[in-house]
Amino acid sequence: MDWLSAPCVTPNQAIAELASLRQTQLTKPPQALGDLETLAIRLAGLQAREQPSIEHVHISIFASDHGVVAEGVSAFPPAVTQQMVTNFLQGGAAISVLAKSLQAHLEIIDTGILKPLPARKGLVIQRAGAGTANSAQTEAMTPAQLQLALQAGYEATERAYASGADLFIGGEMGIGNTTPATVLYCALLKLSPNTMTGAGTGLDSAGIAHKTQVIARILQRHAACADDALAWLRCAGGFEIAALTGAYLRAGQLGLPILLDGFITTAAAVVALQVQPALKDWLLLSHASAERGHKQAIANLGLQPLLDLNLRLGEGSGAAIAVPLLQQACLLHNQMATFAEAAVAGKL
């Protein structure tokens, strides 16, 4: 896994400054378009072009199952993971509808669902196992499995980059995956399970209390991981979370902007940032998830969400919903007239 330590590309500050200058010349009061101006300037620097664009969007959804579901931490059974992957492939899921509306490339990567599906169009089979082990009882992954899952993310980003994508979105599907995600937040950001543990797919208050206890047990069992982010990733689990981590690290290394989704994808970003802090330059956050703990985590990371719509679906859906905002920011930056072009007087 030598590639993990490769540095991220440095955004082009000179281009960002030219984009910032252009914003001062457009026919509007200074900062009148608020955060849309900031987004356009930032994207210009990331894409190293004065006129940024978000035309080609690549969406990779990583799916796997979790042994920790045996601890009663989910309102849904593991079989739903495979069923939802089938729904993705048939076009019936939220992310399927959104990707189609954006004319985005959508691929589903089986990184370890319990029962594999046969090969079909739109499905990439890159399994690290038939679900992770139960992290409340043992280490969720072996070192070899962790490497396979990280590699699945690496290769997804390579496909995105080779296709000429302007933006990478990672999504996930995995019944029970809010549990390993919460463990990662607590372990790496030093946050409390009592404030970070949420309902996931719909637990009631008693279920959340039980889940909180399970997460505390996992944190205690694997305390020897200390501040080692990849060790926590391996012990807490989530083939899809590991794949997202690998995808984000490779995107930063290739200079491909990343639009984060919600609770699970941000947990993967936490791991990736521990490995490579410079990755933060390449991260855009689509929304603040309604899943308990997400707002606390993103405040800790200093990430500003584009939207806050009480979403907590996952699948990359929140990120897909935010794409038009990025597109409009680019269009305004590129197509508005300057004061000189429009023969409009500047301020006195």
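What is the handedness of the crossing of α6 and α8? The crossing of α6 and α8 is right-handed, a term used when the near helix is turned clockwise from the far one by less than a right angle, with anticlockwise giving left-handed.

A word on the ground rules. This is a predicted model, in which local features need pLDDT of at least 70 and side-chain atom pairs count only at pLDDT 80 or more, while totals for chains, interfaces and linings use all residues. Residues are numbered from 1 along each chain as its sequence is written, and side-chain values use heavy atoms, with hydrogens and water left out.

**Helix pairs**

Axes are lines fitted to C-alpha atoms, for helices over the stretch in contact, and angles run from 0 to 180 degrees between N-to-C directions.

| Helix pair | Axes come within | Crossing angle |
|---|---|---|
| α5 (residues 143-162) and α10 (residues 239-254) | 7 Å | roughly 45 degrees |
| α6 (residues 178-189) and α8 (residues 205-221) | 10 Å | roughly 55 degrees |
| α1 (residues 13-25) and α13 (residues 317-335) | 9 Å | roughly 70 degrees |

On the α1 side the contact (heavy atoms within 4.5 Å) uses A19, R22 and Q23, and on the α13 side H333, N334 and Q335. By class, these residues of α1 and α13 split into 1 nonpolar, 4 polar and 1 charged. Here Ala, Val, Leu, Ile, Met, Phe, Trp, Tyr, Cys and Pro count as nonpolar, Asp, Glu, Lys and Arg as charged, and the others, Gly among them, as polar.

Back to α6 and α8, which are oblique to each other. From α6 come T178, T179, T182, V183, C186 and A187, meeting K211, I215, I218 and L219 of α8. That contact of α6 with α8 has 6 nonpolar, 3 polar and 1 charged residues.

Helices α5 and α10 are oblique to each other too, and their crossing is right-handed. Residues of α5 in this contact include A149, G153 and Y161, and those of α10 include F239, G246 and L254. The contact of α5 with α10 divides into 12 nonpolar, 5 polar and 2 charged residues.

**Pockets**

On a 1 Å grid over the protein atoms alone, a pocket is an open set of points where a 1.4 Å probe fits, with protein on both sides within 12 Å along at least five of seven lines; lining residues have an atom within 4 Å of a point. Points are joined across faces, edges and corners, and a volume is the space filled by probe spheres set on them.

The largest pocket holds about 450 Å³. Its lining has 30 residues, with N177, T201, R312, L313 and G314 nearest the centre. At least two lining residues come from each of α3 (79-90), β4 (167-173) and α11 (263-275), and α11 has the largest share, 3 residues. The lining of this largest pocket is 12 nonpolar, 12 polar and 6 charged.

The second largest pocket has a volume of about 330 Å³. It is lined by 15 residues, and D35, L39, R42, Q304 and L306 lie nearest its centre. Helix α2 gives the most to this lining, 5 residues. The second largest pocket has 9 nonpolar, 3 polar and 3 charged lining residues.

Terms used
Helix = DSSP H or I, 4+ residues; strand = E, 2+ residues; numbered from the N terminus. Parallel < 35°, antiparallel > 145°, perpendicular 65-115°, else oblique.
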